[in-house]
Amino acid sequence: KLGEICEVFADGDWVETKDQSRSGVRLIQTGNIGRLFYIHKDGRARYISEQTFKRLDCTEVFPGDILISRLPDPVGRACIIPHLDTRMITSVDCTIIRPKIKIVMREYLLYFTESPEYSSRVVMLLSGSTRKRISKSNLAEIKIPLPPLEIQERIVKKIEGLFAKIDQAQSLRESATRDINSFIAASIHQALNKMPVWQEKRFGDIMEVVTKRTTKTDLPYIGMEDVSAGGTAEFYGSLQPQSVKSMTFHFDYNHVLYGKLRPYLNKILVPQFEGHCTTEFLPLKPDGKLLTREWLALWLRSQETVNKIMTTTTGTRMPRADMKRVRDFIIPLPPIAEQKKIVERMDALTQKVRQLQILQSETATNLTALKQSILHKAFQGEL
C-alpha cells in the first residue's frame, strides 16, 4: 500500500488568506502540481512567514518529496518537488509523500501515479458531491506493485526512453500543425494578392449589412458556438428550428455570416439554407454582380483582413468590430469567373488540410494512449 512504503504520508496545512505574506516559506498549491511535472508559477507564488509556520505547526516539504493533488483535475496527479531555493509547505488539498528510498524509487512511484491501474483505483475512491476528491486515508490504501530496486530502476529507464521518443513525436506533430496553419494563411494571402487587372472597391459599396432584427424563429438557428474558428466555414449545429428569447437576425443563401465579436473575427459561415442567427453574427449580402459570397468569405478569413479589423474593435468587456470603419476597407475584385476558380482551388486545398488535421488529431490521441499502454505493461511486469 502507498501508505506503507513512505517515511512521510501526510496532508498539507490549512493556510487561510489571512495567514499569507509576501515572502517567507513558499506555499505549494494544487495548481503547481502537473502530471509528472512541477508547474512553476513564480508570479503567483504564495508565502507564509516563519512565525506563521511555527504557529500553525506546518509540515515542511523538501526537494524530492512527491506531492499528490487530491482535487481535480485530474484527482491524484503527482509531481516531484524540485529545488526552489526556499523552505516550502503545501496546502491541505495535497498529500506529501516521502518514499522509503531503500524499497521504492521516487521516479517509479511517480510513474505509477499515471498508470491506468492507479487512475481507475482513484476514481473508485472519490467522494464529494460538487468537487470530487480522494481522502488521504483512501489514497494510502492504494496498492502498488513493488519489485526489487534494481528492477524498478530498469523499468524507470525503459519508461523514460520510450516517453522521450513519444515526446519527440508529439513535438514534431505540433510543429507540423503550426506549419500547416502557416501554409493555409500564406496560401490565402497569395490567392488574394491583387493582380494589375483586378478592380478594387470600397467594401461598403458592394456589400449590404443586415441590421434588422427578426422574431421569426421557425427556421434553423445559428449560434456562435455552431461555427468553427480558424478560418473555416464548417457548420456544427443541427438544422432544427429553435426558438430563442433574444432577438435575432434573419439570413438566407444570399448572405455570409460574419462573427463581429473579438476573438471570433474569423468565425464565418457561407450558409446553404435560410435561418436566423445570434446578433453576434452579421449577415453580409454581397453585390452578386461584382462579388461572390465565397470570395467575400475568403477575404474576411485572410489574416491581413482579420488583423486590420482587429484595429477597429471597440469595447472593453466584449470588443467588437466597428463596421462603419470596416465599410471603408478596400477589397480586391477579380472577375467573377476568376473568383470562382480561386475559391475552388482554396476549397480543395482546405479539404486536404482538414484531412491532415484529422490525422494529426488521431495521432495525438494515439500517442497519449501509447503512454498509457506503456505504463500498464510496466506495472503488470510486462515491459
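These legends walk through several close-up views of a predicted model.

**View 1. Four strands line up in an open sheet.**
Let's begin with the order of the strands, which is E2-E4-E3-E7, with mixed pairing. Which strands stand at the edges? They are E2 (20–21) and E7 (88–90), and each has a single partner strand, so one side of each is left without a neighbour in the sheet. As background, strands of a sheet pair through backbone hydrogen bonds, either parallel or antiparallel.

**View 2. Strand E3 pairs with E7 and with E4.**
Here we look at E3, residues 25–28. With E7, strand E3 pairs in the parallel sense over 3 bridges, and Leu27 has Ile89 of E7 as its bridge partner. With E4 (residues 46–48), strand E3 runs antiparallel, and 3 bridges join the two. In that pairing, Arg26 stands opposite Tyr47 of E4.

**View 3. Strand E3 is covered on both faces.**
In a regular strand the side chains alternate between the two faces of the sheet. For E3, Val25 and Leu27 lie on one side, while Arg26 and Ile28 lie on the other. Are these four residues buried or exposed? All of them are buried.

**View 4. Helix H6 meets helix H9.**
Two packed helices are described by the angle between their axes and the distance between the axes. For H6 (residues 293–301) and H9 (residues 336–378), the axes come within 9 Å and cross at roughly 60 degrees. The two helices are therefore oblique to each other, and their crossing is left-handed. On the H6 side, the contact is made by Glu294, Trp295 and Leu298; on the H9 side, by Gln339, Ile342, Val343 and Met346. By class, the residues of this contact divide into 5 nonpolar, 1 polar and 1 charged.

**View 5. Helix H6 also meets helix H7.**
The axes of H6 and H7 (residues 303–310) come within 5 Å and cross at roughly 65 degrees. Trp299, Leu300 and Arg301 of H6 make the contact with Gln303, Thr305, Val306 and Ile309 of H7. This contact has 4 nonpolar, 2 polar and 1 charged residues.

**View 6. Gln170 sits in helix H5.**
Our last stop is Gln170, found in H5, which covers residues 149–191. Why does Gln170 count as buried? Its relative accessible area is 18%, and buried means under 20%. Leaving aside residues up to four places away in sequence, Gln170 touches Leu367, Thr368 and Lys371.

Definitions and conventions
Residues are numbered from 1 along each chain as its sequence is written. This is a predicted model: local features need pLDDT of at least 70, side-chain atom pairs count only at pLDDT 80 or more; totals for chains, interfaces and linings use all residues. Side-chain values use heavy atoms; hydrogens and water are left out. Axes are lines fitted to C-alpha atoms, for helices over the stretch in contact, and angles run from 0 to 180 degrees between N-to-C directions. Angles under 35 degrees count as roughly parallel, over 145 as roughly antiparallel, 65 to 115 as roughly perpendicular and the rest as oblique. A crossing is left-handed if the near helix is turned anticlockwise from the far one by less than a right angle, and right-handed if clockwise. Contact means heavy atoms within 4.5 Å. Ala, Val, Leu, Ile, Met, Phe, Trp, Tyr, Cys and Pro count as nonpolar, Asp, Glu, Lys and Arg as charged, and the others, Gly among them, as polar. Buried means under 20% relative accessible area, exposed over 50%, partly exposed in between (1.4 Å probe, protein chains only). Two strands pair if DSSP finds at least two bridges between them.
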